[in-house]
Amino acid sequence: MLLEIKDLHVSYGAIRALSGISFNINKGEIVALIGANGAGKSTTLRTISGLIKPAKGSIFYKGMELTKLPPHKIVEAGISQVPEGRRVFPDMTVMENLEMGAYTRKDKAEIKESLKSVFKRFPRLEERKCQLAGTLSGGEQQMLAMGRALMARPDVMLLDEPSMGLAPMLVKEIFNIIKDINQTGTTILLVEQNAHMALSISDRAYVLETGNIVLSGRADELAHNEQVRKAYLGED
Amino acid sequence: MFEQQIINGLTLGSVYALIALGYTMVYGIIQLINFAHGEIYMIGAFTGVMMVTVLGQGFFGSIIGAMIVCIILGVLLERTAYRPLRKSTRLAALISAIGASIFLQNAMLLWKGPQPVGFPQVINDAIYHIGSIEITKIQLIILVTSAVLMALLNYIVKYVKIGKAMRAASQDYDTASLMGININSVISFTFALGSALAAAGGVLVGMYFNSVAPLMGVMAGLKAFCAAVLGGIGSIPGAMLGGIFLGVAETMGVAAGLSTYKDAIAFTLLIIVLLFKPTGLLGKPIQRKV
């Protein structure tokens, strides 16, 4: 097990966001976390990244307890996140955004290699490397956010709603890229409202409902599960 | 006459700009008006005096010593007065800033007394003539030093790794930490930069007016704060522009016979600019998150 979440409780003041969820991710997997708006998906990712401290519970990664670490140590440990809504630095250039992604790394020559491979994966970013990130289109910003996370050379990549606000053609492209990133050895935890797309590329999935995991299993099985089809795939 | 006033205004304005930069950089990252910033400037001026009188240093020793002392002071100030309140309301940190300001003023009053201290002469009073304009050596030094420091700051923020991290943190605090940026060290670095610039400003003004006093930071701090807001708080070029603008306007006002209202000019200008452009000259429109 690469990442193990145990009995995680998170509250925002009096509001409970997560009431004791447990799940795990194995090395090399794509795991999807699906569920409706407000189910606690983003909260889970933000807690793994250390932006939120849980009230109770633990997160184990390679023998470390992540809930005690500040966000930058978690990135250093090998977990990077592509946040919801891309969150590129709008007044910095594409290049500078990518450099920020490699912030914890000191190996100049290898950073250059990573940059090359990001540009190879996203040729559009190379064309626009001197442009301010705020002027990119939504799809390009999503690519930049993903490229930026890749610059950290993560073992685990957390993706929060990568399909949000993108045209169907682009969504397909982004999901193909996610799959490809996974095949080059990066473990992926994917949070999505677009359950259909998420299940189509994942190995396993967990279904979150108001702070609890209500279903889990292999992605292809969940895609055929009656309950999931009704609630999240919009089929009768 | 007009050109002469421009030179005088630029001299004063570049010092306002040096102080204003500290306000604007800190605000850019933690949205706090560091009201103790004027006191850092004052302590910088005192340190400058002591570098000359106690350690026998010249101009460079004086300014560099003041910068080092103020970097330490600024970083300590953030650690003790602001960091523990980071997760509290912004008002709590603001009150803490005002408290720190009053504390530093009174500590210096206790130590040095209320009387202004003269700045020992380290720069001779040579005067240069360029056409009809007269420029004193100290004016020239203020202009050159400020320009060099601002260029250096610009370089750090644009090209140095931690400077880029400052910009990232000011654009998106949470996402910056998701990049692996240690936000605490970025904040410390920001305080260090701002305090160093304020210290340089303090020493330059101390030499210019040949006077250093424990309450000198109050009015200078307020005006530099005005300059920062005028230029657009959070914007580095804005603080530079705001400072210069204010310095020139004040000098022009005095030359036009308004010397009684000298200190009112900055605040009047601030009100006028904010009426027409609430985000300041170079400020960005505030984006509200949905």
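In this predicted model, the largest nonpolar core holds 160 residues. Six of its members touch the most others: Leu190(A), Ala17(B), Ala20(B), Cys70(B), Ala200(B) and Ala227(B). Within chain A, the core draws on both domain 1 (1-78 + 154-236) and domain 2 (85-153), with at least three residues from each. In soluble globular proteins, nonpolar side chains tend to be buried together.

Leu190(A) belongs to strand S8 of chain A, which spans residues 187-192. All 6 of the 6 residues of S8(A) are buried, so the strand is largely enclosed by the rest of the structure. Thr187(A), Leu189(A) and Val191(A) are buried on one side. Ile188(A), Leu190(A) and Glu192(A) are buried on the other.

S8(A) has paired neighbours. Strand S3 (residues 30-34) of chain A runs parallel to S8(A) and is joined to it by 5 bridges. Here Ala32(A) stands opposite Leu190(A). Strand S7 (residues 156-160) of chain A is also parallel to S8(A), again through 5 bridges. In this pairing, Leu190(A) is the bridge partner of Leu159(A). From S7(A) the chain passes through helix H7 (residues 168-183) of chain A and on to S8(A). This β-α-β crossover is right-handed.

Chain A is divided into domain 1 (1-78 + 154-236) and domain 2 (85-153). The C-alpha centres of these two domains of chain A lie 23 Å apart. In their contact, 13 residues of domain 1 of chain A meet 11 residues of domain 2 of chain A. Helices H2 and H7 of chain A each supply at least two residues of the domain 1 side. H7(A) gives the most to that side, with 4 residues. By class, the domain 1 side comprises 10 nonpolar, 2 polar and 1 charged residues.

Helix H1 (residues 41-48) of chain A is another enclosed element. It is largely enclosed by the rest of the structure because 7 of its 8 residues are buried. These are Lys41(A), Thr43(A), Thr44(A), Leu45(A), Arg46(A), Thr47(A) and Ile48(A). Just after H1(A), Gly50(A) adopts a positive phi of about 90°.

The contact between the chains takes 20 residues from chain A and 14 residues from chain B. On the chain A side, helix H2 (71-77) and helix H3 (94-101) each contribute at least two residues. The chain A side has 10 nonpolar, 5 polar and 5 charged residues.

Ala200(B), one of the residues that touch the most other members, has contacts beyond its sequence neighbours. Leaving aside residues within four places in sequence, Ala200(B) is in contact with Leu18(B), Ile63(B), Met67(B), Thr145(B) and Leu149(B).

Met240(B) lies in helix H10 (residues 236-258) of chain B. Met240(B) counts as buried because it has 26 C-beta neighbours inside 10 Å, against a cut-off of 20 or more. Not counting residues up to four places away in sequence, Met240(B) touches Ala17(B) and Met150(B). Ala17(B) is itself among the core residues that touch the most other members. Met240(B) and Ile19(B) are 221 residues apart along the chain, yet their C-alpha atoms are separated by 9.4 Å.

Definitions and conventions: Residues are numbered from 1 along each chain as its sequence is written. Chains are lettered from A and ligands numbered from 1 in the order in which they are written. This is a predicted model: local features need pLDDT of at least 70, side-chain atom pairs count only at pLDDT 80 or more; totals for chains, interfaces and linings use all residues. Two residues are in contact if their C-beta atoms, placed from the backbone, lie within 7 Å. Ala, Val, Leu, Ile, Met, Phe, Trp, Tyr, Cys and Pro count as nonpolar, Asp, Glu, Lys and Arg as charged, and the others, Gly among them, as polar. A residue is buried if 20 or more other C-beta atoms lie within 10 Å of its own, exposed if 12 or fewer, and partly exposed in between; C-beta atoms are placed from the backbone. Two strands pair if DSSP finds at least two bridges between them. A crossover is right-handed if, with the strands pointing away from the viewer, the path from the first strand over the helix to the second runs clockwise. A nonpolar core is a set of buried Ala, Val, Leu, Ile, Met, Phe, Trp, Tyr and Cys residues joined through C-beta atoms within 7 Å. Domain bounds come from an automatic or database domain assignment.
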